[in-house]
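Please read it with the coordinates open.

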Amino acid sequence: MLFLYLRAPRPCWLLLAVACWTPFPALALSFDAALQLAEHQAPILKARAEQVDAARQAVLPAGALPDPKLLLGLQNVPLEGDGRYRLNEDGMTMQMIGLMQEVPSRAKRQAQIALASAGLGRAEGEREAQRLLVRQAVAQAWLLAHGLERKSQLLDALSEENRLLATSVEAQLAGGRLPVTAAVSPRQERALLDERLDELALQRQQARAALRRWLGEAGGEPLRGEPPRWTVDPPAFRRRLAQHPQLALYQPLSEEAQAAVQAAVAERRPDWSWEVGYQRRGQAYGDMLSLQLSVDLPVFGATRQIPRIAASQARLSAVEAERQAFADELVQQLNDELAEYERAQRSLARTRQTLLPLAEEKLALSMAAYRAGNAELDSVLSARRERIEQQLREIDQATLLAMLEARLYLAYGEGSR
């Protein structure tokens, strides 16, 4: 094989060298890829998954009988007389081995099963609620970063435009067609643009830091693709309100509180235990077998079990009240977000259909007047500034609208399932 490589034509060697030294293309981070990546590696979601696994493991032993106890002992060992401390001199002295089993009431074991099952449901509900928060946070960070990238591209184009403007002004100054003071305006514009670029660079770093929080180093990769468009359907969102993960979490919380009430009521049921023992005596005496049963006597219910039942019932009522309060809050939140979405839609449409075209028209008229010698350079720069502000405004409004759509869809749309 070495001979073949040495005899390979020179172009093959060149291609091989290019293939070896050409860097791999950078990974690109699309919106959907960011959400999927966050679900797989966000530390908080890993923690919630471990909690679910722990709760699932706790269900299996729930309701099982306690482990039996091995009993070992000496009974009736004499302490006085000639046979003191001897185990085979007195007929009452016995070496004992036995087994004891505690048997909680059936009601208590069923309550333990209910508590464990409710704990698993709560852990799963907390995981889904946290998943929604992570998805929303990643969506907001990606969309914000995407909007800032658009701003950066716009300002880069404006920087080139400003450079051409400065060149044109210098040429006209050299020809004596502009006053000397006109030389200051392009430099002022350059300084203001640099200030805006510095501010934008800081915002981009902050947006990337937010992405890295959830995605690790992948949060610094170039963004790919455009933001997805979601259908905002207020009636459908209101129908799915009960499926909101944070509201649905109250169902297992209520079940857990009900299981706690069940456990408190079960405390009034007596537990019992049995014990069997074998007693060995001296050779001159026969061995013995004993059997013992014991039963708890919950006779102080007024000061023990009944207050615990009342406390558990109060906690259950509190959970139900909190659920209703959160449901009302969620309705208000949805209405507020829908109103904000409608306002953002109108604002973006106004900018695109009216304000931005007017700014473009004003700049075109100013440029025409300037070329005709009927306007100063400052009027052109002022119109140009207004157009820039409207362009940046359009990007901000489009980003805000996309963020509102994402938040609504992920929380109340199909993405919340």
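1. Basis. This is a predicted model: local features need pLDDT of at least 70, side-chain atom pairs count only at pLDDT 80 or more, and totals for chains, interfaces and linings use all residues. Residues are numbered from 1 along each chain as its sequence is written, and side-chain values use heavy atoms, with hydrogens and water left out.

2. Largest pocket. It holds about 300 Å³ of space. A pocket here is an open set of points on a 1 Å grid over the protein atoms alone, where a 1.4 Å probe fits, with protein on both sides within 12 Å along at least five of seven lines; lining residues have an atom within 4 Å of a point. The volume is the space filled by probe spheres set on the points, which are joined across faces, edges and corners. The lining has 16 residues, and Pro227, Arg229, Arg352, Ala398 and Ala402 are the closest to the centre.

3. Its lining. α5 (106-174), α10 (305-371) and α11 (377-412) each supply at least two residues. Helices are DSSP runs of H or I, at least four residues, numbered from the N terminus. The largest share, five residues, comes from α11.

4. Second largest pocket. Its space is about 230 Å³. Of 13 lining residues, Leu192, Leu193, Arg196, Arg385 and Glu389 are the closest to its centre. α6 (184-215) gives the largest share of this lining, six residues.

5. Largest nonpolar core. It has 57 residues, of which Leu408 and Tyr412 touch the most other members. Such a core is a set of buried Ala, Val, Leu, Ile, Met, Phe, Trp, Tyr and Cys residues joined through side-chain atoms within 4.5 Å; buried means under 20% relative accessible area (1.4 Å probe, protein chains only). α11 gives the most to this core, with 14 residues. A second, separate core of six residues includes Leu377, Val380, Leu381 and Ala383.

6. Tyr412. Leaving out residues up to four places away in sequence, Tyr412 touches Phe237, Arg240, Leu241, His244, Leu330, Gln333, Leu334 and Glu337. Contact means heavy atoms within 4.5 Å.

7. Gln136. Not counting residues up to four places away in sequence, Gln136 touches Arg407, Leu410 and Ala411. Gln136 and Leu35 are 101 residues apart in sequence, yet 8.8 Å apart in space, C-alpha to C-alpha.

Notes. Buried < 20%, exposed > 50% of the residue type's maximum accessible area, 1.4 Å probe, protein only.
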